[in-house]
Amino acid sequence: MGGGVIGLLQRVSEARVTVDGRTAGEIGPGLLVLVGVERADDEAVADRLLERLLGYRVFADETGRMNRSLEDTAGGLMLVSQFTLVADTDKGRRPSFSAAADPEAGRRLFEYLLQRARARHAPVATGEFGAHMRVALINDGPVTFQLRVAPVVTAIAPAQPSRKG
């Protein structure tokens with residue numbers, strides 16, 4: 001696919017992740033974000049996704065319009081890794097995960113995103129990377145958006161001719 005990191009965000013009244021019968025993370029009102037990492041994704045992409053998640057206006061203001069962000073409401077942020085978000089489902093009956101980051105690269109970038117989120121916002125919760133998780137949520141609205149942040153491709157400017165006189 002090559003489209004970049006995906007954040008599938010859902011505005012929730014509450015969300016909880018359990019692993020092997022124990023609660024790994026939970027939040028009250030806020031955002032549950034399923035995160036899919038692709039091969040070309042890097043820290044800059046994760047930083048831009050976090051910026052968008054914290055500032056995306058999905059919460060109602062006093063007039064009922066979606067004009068308030070997670071930063072404005074101080075709601076909870078739950079980040080859950082989900083490599084299946086980057087599946088290529090264009091052909092056949094079986095998804096292809098060739099665009100997904102390998103597990104170690106995916107873990108590194110997800111952990112980076114989680115660490116940056118915790119440095120900028122509270123509360124932040126998560127599940128357990130690579131584990132079989134049960135995600136329970138109450139979607140408030142329902143409100144669900146897919147955010148995709150593509151890697152930045154920088155072009156190399158052609159060399160300027162020398163102006164020696």
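The conversation below turns to a residue, the cores and a pocket.

Tutor: Please keep in mind throughout that this is a predicted model.

Student: Why is Leu-70 called buried?

Tutor: Leu-70 has a relative accessible area of 0%, and because buried means under 20% relative accessible area, Leu-70 is called buried. Leu-70 lies in helix H2, residues 70-73, and, not counting residues up to four places away in sequence, Leu-70 touches Gly-30, Leu-31, Leu-53 and Leu-54, among others.

Student: How do you know that Leu-70 touches Leu-31?

Tutor: Contact means heavy atoms within 4.5 Å, and Leu-31 is among the residues listed as touching Leu-70, so the pair has heavy atoms within that distance.

Student: What makes a set of residues the largest nonpolar core, and which have the most contacts inside it?

Tutor: A nonpolar core joins buried residues of kinds such as Leu and Val through side-chain atoms within 4.5 Å; the largest here has 28 residues, and those with the most contacts inside it are Leu-31, Val-33, Val-35, Leu-49, Leu-77 and Leu-79. Elements that each supply at least two residues of this core include strand E3 (30-36) and helix H1 (43-55). Apart from it lies another core, of 12 residues, among them Leu-8 and Met-133.

Student: What lines the largest pocket, and how do its residues divide?

Tutor: The pocket holds about 320 Å³ of space, and the closest to its centre among its 16 lining residues are Gln-82, Phe-83, Ala-101, Pro-103 and Phe-129. The lining divides into nine nonpolar, six polar and one charged, and H3 gives the most to it, with three residues.

Definitions and conventions
Residues numbered from 1 in each chain as written. Predicted model: local features only at pLDDT ≥ 70, side-chain atom pairs only at ≥ 80, totals over all residues. Heavy atoms only, no water. Buried < 20%, exposed > 50% of the residue type's maximum accessible area, 1.4 Å probe, protein only. Helix = DSSP H or I, 4+ residues; strand = E, 2+ residues; numbered from the N terminus. 1 Å grid on protein atoms, 1.4 Å probe; cavity = no way out; pocket = protein on both sides within 12 Å on 5 of 7 lines; lining within 4 Å. Points joined across faces, edges and corners; volume = space filled by probe spheres on them. Nonpolar A, V, L, I, M, F, W, Y, C, P; charged D, E, K, R; others polar.
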